[in-house]
Amino acid sequence: MTTLAAPGISTTAAALRRLYFARAAFALVWAGVTFAVADELTALTTTLLVIYPLVDVAAAIIDARSTRSSGSPVLLYVNVAISLAAAAGLAVAGSSGIPAVLRVWGAWAIVAGLIQLVVGVTRRKMGGQWPMIISGGLSVLAGSSFLAAASATDPAVTNAVGYAIPGAIFFLIAAIRLGRAAKGN
């Protein structure tokens with residue numbers, strides 16, 4: 001039985017590794033571009049903010065399809081629904097101002113972080129999941145800080161943009177750590 005499990009784990013780990021590298025690269029590029037225009041809440045800034053959870057939707061779908069054999073994808077599909085709602089909420093909040101954007105972004109970060117934490121815990125035997133577990137927990141804390149920042153005297157969109165950088169680093173670390181499991185070791 002264990003000889004059958006290893007190829008399944010290595011296939012799943014290889015798929016997650018590719019996905020995590022792609023997510024890290026996207027998040028870093030997105031943060032750089034978004035920081036460059038985030039001085040004001042414009043249509044371009046709002047569009048960039050909406051794109052981030054939409055990429056999370058695509059990544060969760062890819063993740064669910066590539067890891068179906070190693071566990072239930074239910075939480076990943078819940079993440080799809082939450083991220084779609086966040087994208088729609090950000091599109092609407094963009095016309096209401098920075099506090100509304102930070103509230104939507106914060107709520108999304110909290111729920112998506114909880115999901116990431118639980119998914120990481122359920123996958124920990126695969127290896128390379130501690131960065132995802134830590135990232136999920138930090139996402140919950142960051143989301144709470146975005147909710148608090150929404151009430152600040154001069155809230156800034158850059159608070160939300162900075163969220164992508166630690167996420168990118170944790171995805172990169174997880175991708176590197178999954179290397180051994182992807183090779184079947």
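**Note on a predicted helical model**

1. The protein has eight helices and zero strands. The model is a predicted one. Read along the sequence, the pattern is α-α-α-α-α-α-α-α. The radius of gyration is 17 Å, close to the 16 Å that the globule rule gives for 185 residues, so the protein is as compact as a globular protein of that length.

2. On dimensions, the C-alpha trace spans about 60 × 25 × 25 Å along its principal axes. Of the 185 residues, 45% count as buried. Among contacts between residues at least 6 apart in sequence, 77% join residues at least 24 apart.

3. An unreviewed UniProt entry lists residues 20-38, 44-62, 74-94, 100-121, 133-150 and 156-176 under "transmembrane region". Two of these spans can be set beside the model. Residues 100-121 are 100% helix and 0% strand, and their end C-alpha atoms lie 32 Å apart. Residues 133-150 are 94% helix and 0% strand, with end C-alpha atoms 26 Å apart.

4. The largest pocket has a volume of about 490 Å³. It is lined by 30 residues, of which Arg23, Gln116, Ser135, Tyr163 and Phe171 are the closest to its centre. The elements that give two or more residues to this lining are helix 1 (2-37), helix 2 (43-66), helix 3 (74-93), helix 4 (98-122), helix 5 (130-149) and helix 7 (164-177).

5. Which helix gives the largest share of the lining of the largest pocket? That share, seven residues, comes from helix 4. By class, the lining has 17 nonpolar, nine polar and four charged residues.

Methods:
Residues are numbered from 1 along each chain as its sequence is written. This is a predicted model: local features need pLDDT of at least 70, side-chain atom pairs count only at pLDDT 80 or more; totals for chains, interfaces and linings use all residues. Side-chain values use heavy atoms; hydrogens and water are left out. UniProt positions are given in the numbering used here, feature names are shortened, and annotations may be inferred rather than shown by experiment. Helices (H or I, at least four residues) and strands (E, at least two) are DSSP runs, numbered from the N terminus. On a 1 Å grid over the protein atoms alone, a cavity is a set of points where a 1.4 Å probe fits but cannot get out, and a pocket is an open set with protein on both sides within 12 Å along at least five of seven lines; lining residues have an atom within 4 Å of a point. Grid points are joined across faces, edges and corners, and a volume is the space filled by probe spheres set on the points. Ala, Val, Leu, Ile, Met, Phe, Trp, Tyr, Cys and Pro count as nonpolar, Asp, Glu, Lys and Arg as charged, and the others, Gly among them, as polar. The radius of gyration is taken over C-alpha atoms; the globule rule is 2.2 Å times the number of residues to the power 0.38. Buried means under 20% relative accessible area, exposed over 50%, partly exposed in between (1.4 Å probe, protein chains only). Contact means heavy atoms within 4.5 Å.
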